[in-house]
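Hello,

Here is the structure I said I would pass on.

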Amino acid sequence: MKTIIIRCDAGDIPNLGTGHIIRCITICKYLIKKYRFKKKTFIFLIKTKKKFKTGKKILDLEKFNYKSLPNKVKDFSLDEIKIIKKFDPKLVLIDRLGSVNKDFLSSLKKSKIKTVLIDNSSHLKKYSDFYFNPFIFKKIKKRDKNQGYDYSIFPSILIKKKIKPQIAHKKKIKIFLFFGGFDYNRISLRIIKILKDIENIEFIINKKMAAYLKMKNYSIYNNKNFYDKLSISDYAIISGGLIVFDAIKYNLPIISVPQYFHQKKTIFNLGKKKLVYYVKLDKNLKKNIINIFNEFRYKQSMINNMRYSQRKFVQNLKYKMIFREIKKQYEN
């Protein structure tokens, strides 16, 4: 069975985080579950040294095969091509921000290696065998293909949604906090400081963050219970990465504070669709968080409208078509 190379990275680096590698793992898991691909078919080609070591940790946990790439290797370079060709893959899937170049695509094509590109900003992406752009796209026109938020892929699409128990007088309000694998601006801690004095709140946070807190009103999510904890939350206050789409799938009232430019663009557009509430990371952060949170608590119509928009969005997702196309490219 021919190999599929997955080329992506994760790290404690602004604009990178863990989103790309998590999306690629989701693609692999779906192909394994739905189309009976073998796990050994996939080899992740990732950078693992210094700030990139996060990717190694994630793949070790998920038990996917990977090979380390030197940090000095540049994206879409001749060196990268040479390393990819050593594995003699049938297909290479590349998930990262950036622009592919003509030499890269033509070199792989000459070696009869199929290419799938995700979130590539170059007009040359159309010369790949398949591409889709959930996040990096210009104003959508009729001639544009496979771009827009409908093409989003995120982990919870693999998980059957839990039904929240209906509790008449709930003692605690559960707030899920997540700002990516690398919370560069320490937004999670700032949100906790803003809301910590409100009664009957329980923050759902990671273990690392809990070490900074001197309070008891929190519970901890980890790799095993992450989506369970998200699905039973009452509200999500989160970044502008893939987690937004998981929260939309679980039909949660969402406040998003994006950290980077591409996240700001995403949340601004999702905000216009009434899927999330966009809060800027500026001097008015405290005021805006408190105002929106209080509106969520006391205006049920506000939540109902958001949930209606979220349900319509989830119904229109095109991820099944994407998985079929990747399967097709591999088999042809």
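The side chains of Arg96 and Glu80 form a salt bridge, with 2.8 Å from N to O. Please keep in mind that this is a predicted model. Arg96 belongs to strand β4 (residues 91–98) and Glu80 to helix α3 (residues 78–86), so the pair ties together parts that lie 16 residues apart in sequence. Both Arg96 and Glu80 are buried. The two also belong to a network of salt bridges that links Arg7, Asp9, Asp75, Glu80 and Arg96.

The count of salt bridges in the structure comes to 16. Two others from that count are described here.

One joins the side chains of Lys56 and Asp60, at 3.2 Å from N to O. These residues are 4 apart in helix α2 (residues 53–62), which means that about one helical turn separates Lys56 from Asp60. Lys56 is partly exposed, with a relative accessible area of 35%. Asp60 is partly exposed as well, with a relative accessible area of 39%.

The other is between the side chains of Asp197 and Lys196, where the N to O distance is 3.5 Å. Asp197 is exposed, at 65% relative accessible area, whereas Lys196 counts as partly exposed at 37% relative accessibility.

Next, the surface. Lys53, Lys57, Arg186, Lys193 and Lys208 gather there in a patch of positive charge. Of these residues, Lys208 lies in helix α6 (residues 207–210) and is exposed, with a relative accessible area of 65%.

Last, the cysteines. How many disulfides does the structure hold? The number is 0. Cys24 is in no disulfide, and the nearest cysteine sulfur, which belongs to Cys8, is 4.0 Å away. Cys24 is buried, with a relative accessible area of 1%. Cys28 is in no disulfide either; for this residue the nearest cysteine sulfur is that of Cys24, 6.8 Å away. Cys28 is buried too, with a relative accessible area of 0%.

Regards

Note on methods: Residues numbered from 1 in each chain as written. Predicted model: local features only at pLDDT ≥ 70, side-chain atom pairs only at ≥ 80, totals over all residues. Heavy atoms only, no water. Salt bridge = Lys/Arg side-chain N within 4 Å of Asp/Glu carboxyl O. Helix = DSSP H or I, 4+ residues; strand = E, 2+ residues; numbered from the N terminus. Buried < 20%, exposed > 50% of the residue type's maximum accessible area, 1.4 Å probe, protein only. Patch = residues over 30% accessible without salt bridge, like charges linked within 9 Å, V, L, I, M, F, W, Y side chains within 5 Å. Areas by Shrake-Rupley, 256 points an atom, 1.4 Å probe, with all protein chains shown as cover. Lys, Arg positive; Asp, Glu negative; His and termini not counted. Charge placed at Lys NZ, Arg CZ, Asp CG, Glu CD. Disulfide = S-S within 2.5 Å.
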